[in-house]
Amino acid sequence: MSEGWVWFLLAAGLVIFQGLLAPAVAIGETLWPLPIVLFWIGMPFRWGGVQALALAALYGFVLDLIFPPLGLHTFSGLWVWAVRKTWLHVLNPRLSPEKEETFSLDGLDSPFFFAYAFPLTLWHHAWYFSLAKWRLDYEVLWAVFLSAAYTFLWEWIIFEVILRRR
């Protein structure tokens, strides 16, 4: 199956998860899983800048239409999309351009996946929850951290079961 179709199916699966399962596995207002972040984290770096930006924005726009508040999914997701390459270089400063082009989630081991994905998930949630609630206080920061950890648990499950090559 081509890489584009795999990412399309992952995107559709994450939207279905968000619509059907996330409300069922959410714990109050504190722990809300948003594994849709996995799409922005994992988009291949080799996809051209303008095309990848358009695809990342389109995915956020679809999420905004299906799961309001409008604009927050696109904004928060594009922040993750924008800093993911920088974060990868922080984790691996000697990463060659050739290796960067072939970087994908399926080749990562579990500790590197944690080091790569959890901070980006936390970054997404910091923007999403603080803007959704229009404040940044102890309660919001607690919800950001707990929801990011809970989201990451779901991302890790998806990574281990679906994305990771054995």
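A residue counts as partly exposed when its relative accessible area lies between the buried limit, under 20%, and the exposed limit, over 50%. That scale is used in the views below, which show a predicted model.

**View 1. Trp79 and Trp123 form an aromatic pair.**
A pair of aromatic rings is described by the distance of the centres and the angle of the planes. Here the centres of the Trp79 and Trp123 rings are 5.5 Å apart. Their planes stand at 80°, so the pair is edge-to-face. The two residues come from distant parts of the chain, 44 residues apart. Trp79 sits in helix H4 (residues 72-91), and Trp123 sits in helix H6 (residues 110-133). Trp123 has a relative accessibility of 32%, so Trp123 counts as partly exposed. Trp79 is also partly exposed, at 30%.

**View 2. Ring pairs build an aromatic cluster.**
The structure holds 21 aromatic pairs. Some ring pairs join Phe113, Phe114, Phe118, Phe145, Phe152, Trp156 and Phe159 into a cluster.

**View 3. Helix H3 packs against helix H4.**
Two packed helices are described by the angle between their axes and the distance between the axes. For H3 (residues 49-66) and H4, the angle is about 145° and the axes are 7 Å apart. The crossing is right-handed. From H3, the contact uses Gly49, Ala52, Leu53, Ala56, Ala57, Gly60, Phe61, Leu63 and Asp64. From H4 come Leu72, His73, Thr74, Leu78 and Trp81. By class, nine of the contact residues are nonpolar, four are polar and one is charged.

**View 4. Ser130 is a buried residue of helix H6.**
Is Ser130 buried or exposed? Its relative accessibility is 14%; buried means under 20%, so Ser130 counts as buried. The Ser130 side chain reaches the backbone oxygen of Ala126 at 2.5 Å. Setting aside neighbours within four places in sequence, Ser130 is in contact with His125, Arg135, Leu136 and Val140.

**View 5. Phe129 is another residue of helix H6.**
Phe129 has a relative accessible area of 7%, so Phe129 is buried. Which residues does Phe129 touch, not counting those up to four places away in sequence? They are Trp32, Leu34, Val140, Val144 and Ser147. Ile36 lies 93 residues from Phe129 along the chain. The C-alpha atoms of Phe129 and Ile36 are separated by 15 Å.

Note on methods
Residues numbered from 1 in each chain as written. Predicted model: local features only at pLDDT ≥ 70, side-chain atom pairs only at ≥ 80, totals over all residues. Heavy atoms only, no water. Phe/Tyr/Trp six-rings, centres within 6.5 Å; stacked < 30°, edge-to-face > 60°. Helix = DSSP H or I, 4+ residues; strand = E, 2+ residues; numbered from the N terminus. Buried < 20%, exposed > 50% of the residue type's maximum accessible area, 1.4 Å probe, protein only. Axes fitted to C-alpha atoms, helices over the stretch in contact; angles between N-to-C directions. Left-handed = near helix turned anticlockwise from the far one by under 90°. Contact = heavy atoms within 4.5 Å. Nonpolar A, V, L, I, M, F, W, Y, C, P; charged D, E, K, R; others polar. Polar contact = N/O pair within 3.5 Å; in protein donor to acceptor, adjacent residues only side chain to side chain.
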